[in-house]
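Keep the structure in view and follow along heading by heading.

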Amino acid sequence: MTTKLGAFVLGTPDPTALADFYRALLGWEEAERDPEWVRLRAPEQERPSLSFQLEADHTPPVWPQLPGTQQMQAHLDLEVDDLEAETRRACALGATLEELQPQKDVRVLRDPHGHPFCLFLPGA
């Protein structure tokens with residue numbers, strides 16, 4: 001038996017808007033879209049994919065985490081070849097750079113709906 005990661009899903013109050021952000025950031029293609037679900041995939045690769053599902057009551061996690069607050073249970077790590085340029089590009093697309101940056105070769109950002117994600121250099 002073989003088990004493979006098929007998709008990573010982010011909950012959001014606006015699946016189409018968040019999918020548009022990640023499509024621009026990653027350069028991925030849209031595989032399917034409706035108002036409550038959008039799935040992106042890498043060009044010429046069906047899986048794994050990145051999906052966005054409607055969660056009307058979505059509460060973004062707190063970073064860094066604090067007791068009694070919404071905890072980050074998962075985040076995306078995205079490898080880049082130019083950390084500063086890709087950080088600027090992500091911010092121009094609507095991401096925000098977090099104040100706390102715990103590693104030299106990693107940048108912690110938030111997507112437009114508050115999900116933390118990291119950009120990192122190879123070897124980081």
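## The annotated span

Residues 4–124 make up a stretch that is 19% helix and 32% strand, and its end C-alpha atoms lie 25 Å apart. Helices here are DSSP runs of H or I with at least four residues, strands are runs of E with at least two, and both are numbered from the N terminus. An unreviewed UniProt entry gives residues 4–124 the feature "domain: VOC". UniProt positions follow the numbering used here, feature names are shortened, and annotations may be inferred rather than shown by experiment.

Keep in mind that this is a predicted model, where local features need pLDDT of at least 70, side-chain atom pairs count only at pLDDT 80 or more, and totals for chains, interfaces and linings use all residues. Residues are numbered from 1 along each chain as its sequence is written, and side-chain values use heavy atoms, with hydrogens and water left out.

## Salt bridges

How many salt bridges are there? The count is 10, taking a salt bridge as a side-chain nitrogen of Lys or Arg within 4 Å of a carboxyl oxygen of Asp or Glu. One of them pairs Arg 41 with Glu 29, with the closest N and O atoms 3.2 Å apart. That pair links distant parts of the chain: Arg 41 sits in strand 3 (residues 37–41) and Glu 29 in strand 2 (residues 29–34), 12 residues apart. Glu 29 is partly exposed at 32% relative accessibility (buried is under 20% relative accessible area, exposed is over 50%, and partly exposed is in between, using a 1.4 Å probe and protein chains only).

Arg 39 has a salt bridge too, with Glu 32, at 3.1 Å between the closest N and O atoms. Here Arg 39 is buried at 7% relative accessibility, while Glu 32 is partly exposed at 37%.

Over in helix 2 (residues 83–93), Arg 89 and Glu 86 are 3 residues apart, which means about one helical turn separates them. Their side chains meet in a salt bridge of 2.9 Å, N to O. Elsewhere, salt bridges that share partners tie Glu 29, Glu 32, Arg 39, Arg 41 and Glu 46 into one network.

## Cysteines

Which disulfides turn up? The count is 0, where a disulfide is a pair of cysteine sulfur atoms within 2.5 Å. Cys 91 has its closest cysteine sulfur in Cys 118, but that is 13 Å off, so it's too far for a bond.

Is Cys 118 buried or exposed? Cys 118 is buried, at 10% relative accessible area, whereas Cys 91 is partly exposed at 30%.
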